[in-house]
Amino acid sequence: KQTQTPERVARISPATTYPIHVIGDLDIINNNSLDINGTTLIVDGEINVEAGSTLLLEDVGGELINNSDFTLNGELDIDGGDVLVHGEFNLNNTGTLTIDGGSFVSDVSFGGTNTNLRGTFNLSDGTFEATNTNITFSSSCTDNITGGLIRVGANFYAIYSNTFQPSGGTTEFIGSIGTVSCSNGNYFYSLEGNHGLILNSDLTIQNDLDITSGYFELNNHEVTVNNNVEIYGGLRLNEDNDVLNVENDITFYSGSTTTYLTSGTINVLGDWYFNDGTNAQFDTGNTVNFVGTGSQSIYCYDADAEFGSVGIHQPGTSNNVYFNGSSTQPMQVAGDMDVNSGNTFHIHNEDLIVDGTLDINNGGTMNMMASGSLTNNSDFDLYGELDIDGGDALIHGEFELASTGTLTIDGGSFVSDAAFSRAYQYIRGDFNMSSGLFEITNNHLRFMTTCVDN
């Protein structure tokens, strides 16, 4: 037992050339401190740091290895050293764990155990890791997390109000599969998933979500990411109520998958990237909405990447979403696509392919620009404006220009080659043509009384 007087600190001599090995327990009682002071201390028994006492691994480093359980009722201050606990670790109500550098690792086998954080948890740099167990932020926990890395081997629980609200740092899930319960005003700063991760609550991430491997499954919940989403593994939305809100960009990298992305909604306020090598092919039951307040771009660099359904739904007026001209592959939509009022969708150079129904709503615009192209494999109802502008549009379904719609052809072509059905293709709105081609290949064409032609 370390039982110095309050004004004194016991320090292990830095001249020590071999590890100090305690085959029994280590107790540090009230009003006492022990500084490992850059040396190595091995404790085979339990470590108990009582309330009012302190165990120090300061910036000179040092190493503490504990082969049994560690109960922290006092203070453990790690400022450059490393702590390895092979038993269970508990931060009790009166305890304080401070990590300003170095690491704290508890690698006890799972066995249904929790790493319980009940006291004050301070992390500005370095690593806190529960290699195989759950991490639980209890109702009495006070967190001050401004940086560093938290590594979780199993499940994560922060269900009590205001107990987990980091302003920096990353939480990384390293187990083969884990669940996340983070609610009642709690949130992550940055979250990184390396294996299977399933949500048991709605979730807010203040910075980035990185799915580096494995999968991230929403499990009937809503996730809001206030910065970027980067996907190297799998993204799973397979429930109708699954919602992913992305405040900035979302990127699918080579090797990323969407095998279980069959339902739900993704709302993105930034840009979208399908990088070469992604295996992202969304089911038509999923809808991606572009809802930013500034210009947004879609970049397609993979030949078989495919959206499910797409909505161009920015709020307000004079909004612009671009199928960016630097894309090297078509933008493919397996389901439906619509452009809402106040929105303009620009196609630069590549092809937009829509297998389902294409709707340009009243007040919405699609602009083909100089050399873009549109292929629609179903029906096309034009209630807003389509400006061909030198591009090419090929509609394999039936086409109708509504009375509120405008079709402008200043070059290029518009062709509707739907099979003959004894039906008319109606032109009810504004029809403007100065050059180029307008063709209804197999069906009748009728200009209605509401049509204005130029």
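Modeller: What follows covers the strands, then the rings. This is a predicted model, in which local features need pLDDT of at least 70 and side-chain atom pairs count only at pLDDT 80 or more, while totals for chains, interfaces and linings use all residues. Residues are numbered from 1 along each chain as its sequence is written, and side-chain values use heavy atoms, with hydrogens and water left out.

An open sheet is built from 11 strands with parallel pairing, in the order β3-β6-β9-β11-β13-β15-β18-β20-β22-β25-β28. Strands here are DSSP runs (E, at least two residues) numbered from the N terminus, and two of them pair if DSSP finds at least two bridges between them. The edges are taken by β3 (26–28) and β28 (234–236); each has a single partner strand, so one side of each is left without a neighbour in the sheet. On average, neighbouring strands of this sheet are turned by 10 degrees against each other, direction ignored; the axes are lines fitted to C-alpha atoms.

Within this order, β15 (residues 134–137) and β18 (residues 156–158) run parallel and are joined by 2 bridges. Ile135 has Phe156 in β18 as its bridge partner. Phe156 also belongs to a cluster linked by ring pairs, together with Phe70, Phe89, Phe104, Phe121, Phe128, Phe137, Phe164, Phe173 and Phe188. Rings of Phe, Tyr and Trp (its six-membered ring) pair if their centres lie within 6.5 Å; planes under 30 degrees apart count as stacked, over 60 as edge-to-face and the rest as tilted.

Another strand to follow is β36 (residues 319–323). Tyr322 of β36 is the bridge partner of Ser297 and stands opposite His346 in β39.

The structure holds 34 aromatic pairs. One of them, Tyr424 with Tyr426, is tilted, at 6.0 Å centre to centre and 40 degrees between the planes. The charged end of Arg428 sits over the ring of Tyr426, 4.4 Å from its centre, while Arg446 lies over the face of Tyr424, 4.1 Å from the ring centre. A charge sits over a ring if NZ of Lys or CZ of Arg is within 6 Å of the ring centre and within 35 degrees of the ring normal.

Technical notes:
Helix = DSSP H or I, 4+ residues; strand = E, 2+ residues; numbered from the N terminus. Axes fitted to C-alpha atoms, helices over the stretch in contact; angles between N-to-C directions.
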